[in-house]
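Student: I am new to this structure. Please take me through one part of it closely, then show me how that part sits in the whole.

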Amino acid sequence: MNIDDLRKNMKSILSDSRYRHSVGTEEVCFDLALIYGEDTLKASIAGIIHDCARYLTGDELIEECERNNIMISDVERKRPHLLLHSKLGAIYAKEKYGIMDEDILKAIEFHTTGRPAMSRLEKILYIADYIEPNRNMIQSIDYIREIAYQDLDEAIRIITKQTLEYLSSNINLIDPLTKETYDYYVNQCK
Ligand SMILES: [Fe+2]
Ligand SMILES: [Fe+2]
């Protein structure tokens, strides 16, 4: 599928607001790729398709992950919408949309939690998902947008910090990988 087909497909399966978010993420992925010398087509594909499993219900996500032999942690089982759509999205990207590029697949798989030592493309999608233009209710969003165009690692440090703060009222529901990502990028930014 070319990128136009991917856009049409996302429009047909996602809600209007999720589709707008995906287009916004694609645009920011493209811009960040230009600035940081990443492949703009790869970044655009990752951006438009990253939420391709987000339309499923929580139960369907669990069912589909089990069918695809994806290990499900307790935290993921409690928050399938947030945590499992990225893992399943990577599988769908490969199987339904024929994307074979491992870097794109990893970027989709880890776009919610991040992970230590992300590739440049993984970082770009992780950040674009957070700062795309439809995300306006986020604390310090304009500042984070500014940083994103100057220093990917610093942007990740700030985003993971805010995510952990947001989730801290539900401490049992934090994916350990989010904390590991934060710790790693705090160190990187010293
Ligand atoms: Fe997502
Ligand atoms: Fe997203």
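Tutor: Look at the crossing of α4 and α6, which is left-handed. This is a predicted model. Helix α4 covers residues 58-67 and helix α6 covers residues 80-95. Their axes come within 9 Å and cross at roughly 35°.

Now the residues that meet. From α4 come Gly58, Leu61, Ile62, Glu64 and Cys65. From α6 come Pro80, His81, Leu84, His85, Lys87 and Leu88. Sort the residues of this contact by kind: six are nonpolar, three are polar and two are charged. Keep a simple rule in mind when you look at their spacing. An α-helix has 3.6 residues a turn, so residues three or four places apart point the same way.

Helix α6 has another partner. The buried residues of α3 pack against α6, and also against α1, α2, α7 and α8. Helix α3 runs over residues 40-49. Its buried residues are Ala43, Ile45, Ala46, Gly47, Ile48 and Ile49.

Two of these, Ala46 and Ile49, lead on to the largest nonpolar core. That core has 46 residues. Ala46 and Ile49 are among those that touch the most other members, along with Cys29, Leu32, Ile124 and Ile127. Helix α8 gives the largest share of this core, eight residues.

For contrast, go to Pro116. This residue is in the loop between α7 and α8. Pro116 counts as partly exposed because 13 other C-beta atoms lie within 10 Å. Beyond residues up to four places away in sequence, Pro116 touches Glu180, Thr181 and Tyr184. Asn134 is 18 residues from Pro116 in sequence, and the two are 27 Å apart in space, C-alpha to C-alpha.

Last, step back to the whole chain. There are eleven helices and zero strands. Buried residues make up 39% of the 190 residues. Among contacts between residues at least 6 apart in sequence, 57% join residues at least 24 apart. The C-alpha atoms fill a box of roughly 40 × 40 × 30 Å along the principal axes. The radius of gyration is 16 Å, which agrees with the value near 16 Å for a compact globule of 190 residues.

Key:
Residues are numbered from 1 along each chain as its sequence is written. Chains are lettered from A and ligands numbered from 1 in the order in which they are written. This is a predicted model: local features need pLDDT of at least 70, side-chain atom pairs count only at pLDDT 80 or more; totals for chains, interfaces and linings use all residues. Axes are lines fitted to C-alpha atoms, for helices over the stretch in contact, and angles run from 0 to 180 degrees between N-to-C directions. Helices (H or I, at least four residues) and strands (E, at least two) are DSSP runs, numbered from the N terminus. A crossing is left-handed if the near helix is turned anticlockwise from the far one by less than a right angle, and right-handed if clockwise. Two residues are in contact if their C-beta atoms, placed from the backbone, lie within 7 Å. Ala, Val, Leu, Ile, Met, Phe, Trp, Tyr, Cys and Pro count as nonpolar, Asp, Glu, Lys and Arg as charged, and the others, Gly among them, as polar. The radius of gyration is taken over C-alpha atoms; the globule rule is 2.2 Å times the number of residues to the power 0.38. A residue is buried if 20 or more other C-beta atoms lie within 10 Å of its own, exposed if 12 or fewer, and partly exposed in between; C-beta atoms are placed from the backbone. A nonpolar core is a set of buried Ala, Val, Leu, Ile, Met, Phe, Trp, Tyr and Cys residues joined through C-beta atoms within 7 Å.
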